[in-house]
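Morning, everyone. I have one structure to show you today. Please look at the screen, and we'll start with the ligand.

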Amino acid sequence: MTRLIFLGPPGAGKGTQAQILSQRCEVPHISTGDILRAAVKAKTELGQKADGYMSAGELVPNDLMLGLIRERLGQADTANGWLLDGFPRNVEQAEFLDRLLTEIEQTCEFVINLEVPDEELVARMLERGRKDDEESVIRNRLEVYREQTEPLIDFYQGRQLLRSVDGNQDLDTVTQVLQTIVKQDPEATPEVEPDIKSEAKP
Ligand code: ADP
């Protein structure tokens, strides 16, 4: 059973890696960013409400996000697992997800924290050139990440779920490290491997 949360700053490669692992593990890649961008494009009610926040690099309000994730994790394709990319992004979302998973009798195996230095993040995002990848918006997203999402590192470390991975390596190397994590038994005491900084024990 593969159930992983991808944490980490914007531009760290969460989406790319989650996409690859999702194919290899045959579980859906659930990216709230992708879901929101599709909603904006289709001009649904959700999309119309979310658009302004996304363009400004702000988080879309929790009252829109919580229902969305509840509905998505209730769909049939999640029966064998899931990879969550972009959710949770603040403490309220993380606490909501905790309660939701208890309610639907699921557990998250690991929380992957992809670590990449700020300047590399900015460079990657500028190269990507998405609509919200203009420099001032990128800087704001990084700030929002530091303020609201980074506290989740401690949140999940406290639950012994966190696995930090150096995301500033080539794509294949990161994928390999992630695959060794996926193969670990979450019930077992985490091993410290040379290229994985296990942060299960503070
Ligand atoms: P990145 O990882 O580059 O920040 P995402 O695709 O994950 O890109 O997110 C893009 C935007 O979508 C965010 O800046 C935010 O506005 C919105 N968004 C995505 N996920 C969430 C979430 N869980 N809560 C609030 N807003 C979100």
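Find K14 first. One of its polar side-chain atoms lies 3.0 Å from an oxygen atom of the ligand. Keep in mind that this is a predicted model. How much of the ligand does the protein bury? Taken alone, the ligand exposes 550 Å². The protein buries 96% of that.

In V60, a backbone N or O atom lies 3.0 Å from a nitrogen atom of the ligand. In G86, a backbone N or O atom lies 2.8 Å from a ligand nitrogen atom.

Where does the ligand sit? In the largest pocket.

Next, the shell. There are 20 residues around the ligand. Which come nearest? T32, E58, G86, R89 and R141 do.

What kinds of residue make up the shell? Count 7 nonpolar, 5 polar and 8 charged. Helix 2, residues 32-41, gives the largest share, with 4 residues.

Let's step back to the whole chain. It has 9 helices and 6 strands. Its C-alpha atoms fill a box of roughly 45 × 40 × 30 Å, taken along the principal axes. Why call the fold compact? With 202 residues, a compact globule would have a radius of gyration near 17 Å, and the chain has 16 Å, which agrees.

Two backbone details to finish. Here is the background. Most peptide bonds are trans, and most residues other than glycine have a negative phi.

Now look at F87 and P88. A cis peptide bond joins them, with omega at about 0°. Where is P88? In the loop between strand 3, residues 81-85, and helix 5, residues 91-103.

Then go to K43. Its phi is near 55°, a positive value in a residue that is not glycine. K43 is in a loop too, the one between helix 2 and helix 3, residues 45-56. Helix 2 is the one that gives the shell its largest share.

That's my tour. Over to you.

Conventions. Residues numbered from 1 in each chain as written. Predicted model: local features only at pLDDT ≥ 70, side-chain atom pairs only at ≥ 80, totals over all residues. Heavy atoms only, no water. Near = heavy atom within 4 Å. Polar contact = N/O pair within 3.5 Å; in protein donor to acceptor, adjacent residues only side chain to side chain. Areas by Shrake-Rupley, 256 points an atom, 1.4 Å probe, with all protein chains shown as cover. 1 Å grid on protein atoms, 1.4 Å probe; cavity = no way out; pocket = protein on both sides within 12 Å on 5 of 7 lines; lining within 4 Å. Sits in = over half its atoms within 2 Å of the grid points. Helix = DSSP H or I, 4+ residues; strand = E, 2+ residues; numbered from the N terminus. Nonpolar A, V, L, I, M, F, W, Y, C, P; charged D, E, K, R; others polar. Rg over C-alpha atoms; globule rule 2.2 N^0.38 Å.
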